[in-house]
Amino acid sequence: MTVLDTAPAEAAGAAGRPAAGAVRPVVTGLGVIAPSGIGLDAYWASTLRGELRVAPITRFDASRYDTRIAGEVPDFAAEEYVDHRYLVQTDRWTWLGMAASRLALADAAYDPAERDPYETSVVFGAGSGGNDFGQRELSRLWTRGRTAVSVYQSIAWFYAATTGQTSIRHGLKGPSGVLVSDGAGGLDSLAQARRTIRRGTPTVLAGGAECGLTPYALTCHLSSGRVSSAASPADGYKPFDVRANGYLPGEGGATLLVEDPVTAASRGARVYGEIAGYAATHDGAHHEQAPADSRWLAAAMRRALADAKLTPADVDVVFADGAGSPDLDALEAAAIRDVFGAGAVPVTAPQGLIGRLCAGGSALAAATALLSIRDGVIPAVGNLDEPDPAHGLDLVRSPREGRVRVALVNARGHGGFNSSLVLRAVGTD
C-alpha cells in the first residue's frame with residue numbers, strides 16, 4: 001500500500017508503463033506563501049507551534065466593516081519573486097501564486113527551461129480573481145474617466161490570470177487551465193493535474209492562491225453571512241470549537257509540482273507522496289439554503305477512498321475543511337462520523353491559525369498533509385480551545401507524532417462544491 005507501484009494489476013501500457021488511467025502522479029515540489037510564513041520551513045514551523053497569525057487588517061482601513069481581522073502575508077516583497085513587467089500587469093493574488101510556483105520549482109529542483117515546453121502544464125484553482133487591481137481601475141473609471149483605466153484591467157482581474165502569467169513567465173505550453181470552485185479549487189486543480197498527466201503530459205504546476213483582502217472583496221465575504229465579527233483574533237476563526245462563530249478571510253496559498261512517477265524517478269526527484277484518490281460532489285442547493293444533510297460530503301470521501309483502492313481504516317488523518325460556522329462544522333463532522341465512525345480517525349484543521357484562503361486554502365491543506373506524511377506529525381486544529389463534544393471527533397489538540405501514511409483532505413466551496421483528495425506516502429521496495 002505504501003510502495004510506488006509502477007506495474008499495477010491493470011493492463012500495462014507501452015514499454016511496461018502502467019495504463020494511463022492507472023498512473024498515480026507524485027508530488028515533488030511544494031511552494032507556500034501564507035500568513036504564517038513564506039516558504040515551507042517558516043510555514044511548517046509556525047503551524048506546529050500553533051501561532052495565531054490572524055490580526056487586524058492593515059492593507060486598508062477596515063474600521064467601518066463588521067470584520068476587521070484577517071490573515072495577511074507579512075513581509076511579502078513581490079519584486080523578489082516577480083519580474084517588474086508582471087508586477088504592472090497583474091494583481092496581488094497573481095504575485096502570490098507566481099511566488100509560490102517559483103518556490104515549488106526550486107523545491108523540486110525542476111527547471112522548465114531545460115525541458116520541452118510542452119512537457120509542463122499549469123492548472124490552478126481560483127475563487128475571486130484580481131480584486132485589488134480591479135477595484136483600483138474601476139475607481140479610476142468613475143473618478144477620472146475611461147482613459148485613466150489600465151489596459152491590463154482586461155486580464156488582471158480574470159480567474160485564469162495566474163495560470164496564464166505563470167505559463168508565460170516559465171515558457172510552459174502544456175495543456176493548462178483554471179478551476180473556479182471557490183474553496184474546493186485547490187483540490188480540484190490537483191485532480192486536473194492527475195488527469196493531465198494520465199493523458200500524457202508528464203509535469204503540472206497545480207494549486208492556488210487568493211487575495212480577498214480589499215474593501216470590495218471583504219464586502220463579498222461579508223455577504224455570505226458566515227464571517228466572524230469577533231473583536232480579537234483569538235475569538236475569531238475557531239473550527240469545531242463550542243464558540244465557533246464563522247471564519248476570518250486570509251490571503252496566500254500553495255503551488256505543488258505534480259509529476260508522472262516514471263518521469264520523477266528518471267530525474268531522481270525527491271517525492272513527498274502520491275495523489276492516490278479524488279472525488280467531488282455537489283450539494284445542488286439554492287445559494288440561500290444551507291445543505292440539508294451530510295450525504296454529499298460523505299459520498300465524496302467514500303468515492304475518493306474507493307478511487308485510491310483504500311478503506312477508511314487505512315486513513316491516518318483527515319484534514320477537514322473546517323468552515324468555522326456551527327452548522328457547517330456539524331455537517332462535516334456528521335460526514336466524517338458516517339464514513340469513519342465516531343472518534344475513529346484523527347481530525348485536524350490548522351487553518352484556524354491563518355484564516356480561510358478559499359482556493360489557496362485547500363491547496364495549502366494538501367501541502368500540509370504531505371508535510372505530515374514526510375515528518376510523521378499531525379498539526380493541531382488551529383485556534384481550538386474547547387472542542388464541541390457534539391461533533392464526536394478525535395480532534396487533534398496539540399501536534400501528534402506517529403506514522404502518517406495516508407491523509408484524506410476535504411474542501412468545500414460556496415455554492416455546494418465538495419471535494420476530497422487522498423494523499424499517500426510512497427516507499428521503496
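Visitor: Which residues form a nonpolar patch on the surface?
Guide: This is a predicted model, where local features need pLDDT of at least 70 and side-chain atom pairs count only at pLDDT 80 or more, while totals for chains, interfaces and linings use all residues. Residues are numbered from 1 along each chain as its sequence is written, and side-chain values use heavy atoms, with hydrogens and water left out. A patch takes residues with over 30% relative accessible area and no salt bridge, joining like charges within 9 Å and nonpolar side chains (Val, Leu, Ile, Met, Phe, Trp, Tyr) within 5 Å. The nonpolar patch here consists of Val-88, Val-151, Tyr-152 and Ile-155.

Visitor: How much accessible area do Val-88, Val-151, Tyr-152 and Ile-155 have together?
Guide: Accessible areas come from the Shrake-Rupley method with a 1.4 Å probe, and for residues only the protein chains shown count as cover. Together the four residues have about 340 Å².

Visitor: Is Val-151 buried or exposed?
Guide: Val-151 sits in the loop between helix H4 (131-144) and helix H5 (153-156). Helices (H or I, at least four residues) and strands (E, at least two) are DSSP runs, numbered from the N terminus. Buried means under 20% relative accessible area, exposed over 50%, and partly exposed in between (1.4 Å probe, protein chains only). Val-151 has 63% relative accessibility, so the word is exposed.

Visitor: At what angle do the axes of H10 and H11 cross?
Guide: Axes are lines fitted to C-alpha atoms, for helices over the stretch in contact, and angles run from 0 to 180 degrees between N-to-C directions. The axes of H10 (residues 295-307) and H11 (residues 326-340) come within 8 Å. Their crossing angle is roughly 40°.

Visitor: Why is H10 called oblique to H11?
Guide: Angles under 35 degrees count as roughly parallel, over 145 as roughly antiparallel, 65 to 115 as roughly perpendicular, and the rest as oblique. H10 and H11 cross at roughly 40°. That makes H10 oblique to H11.

Visitor: Is the crossing of H10 and H11 left-handed or right-handed?
Guide: A crossing is left-handed if the near helix is turned anticlockwise from the far one by less than a right angle, and right-handed if clockwise. The crossing of H10 and H11 is right-handed.

Visitor: Which residue forms a salt bridge with Arg-302?
Guide: A salt bridge is a side-chain nitrogen of Lys or Arg within 4 Å of a carboxyl oxygen of Asp or Glu. The closest N and O atoms of this pair are 3.0 Å apart. Arg-302 is partly exposed, with a relative accessible area of 40%. Its partner is Asp-338.

Visitor: How many salt bridges are there?
Guide: One of them joins Arg-136 and Glu-137, 3.0 Å from N to O. Glu-137 is buried at 1% relative accessible area, and Arg-136 is partly exposed at 37%. The count is 23.

Visitor: How many residues apart are Asp-385 and Lys-238?
Guide: Their side chains meet in a salt bridge, 2.7 Å from N to O. Asp-385 is in the loop between strand S12 (377-378) and strand S13 (394-395), and Lys-238 is in the loop between H8 and S8. The pair links distant parts of the chain, with a separation of 147 residues.

Visitor: Which residues are linked with Lys-238 in a network of salt bridges?
Guide: Lys-238 is buried, with a relative accessible area of 0%. Asp-385 counts as partly exposed at 43% relative accessibility. The residues linked with Lys-238 are Asp-235, Arg-243 and Asp-385.

Visitor: What is the phi of Phe-240?
Guide: Most residues other than glycine have a negative phi. Phe-240 lies in the loop between helix H8 (215-223) and strand S8 (251-259). Phe-240 is buried, at 0% relative accessible area. Though Phe-240 is not a glycine, its phi is positive, about 65°.

Visitor: Where does Cys-358 lie?
Guide: Cys-358 is a residue other than glycine with a positive phi, near 55°. Its place is the loop between strand S11 (346-348) and helix H12 (359-375).

Visitor: What distance separates the C-alpha atoms of Leu-421 and Gly-277?
Guide: Leu-421 is in strand S16 (residues 417-424). Leu-421 is buried, with 0% relative accessible area. Leu-421 and Gly-277 are 144 residues apart along the chain, yet their C-alpha separation is 5.8 Å.
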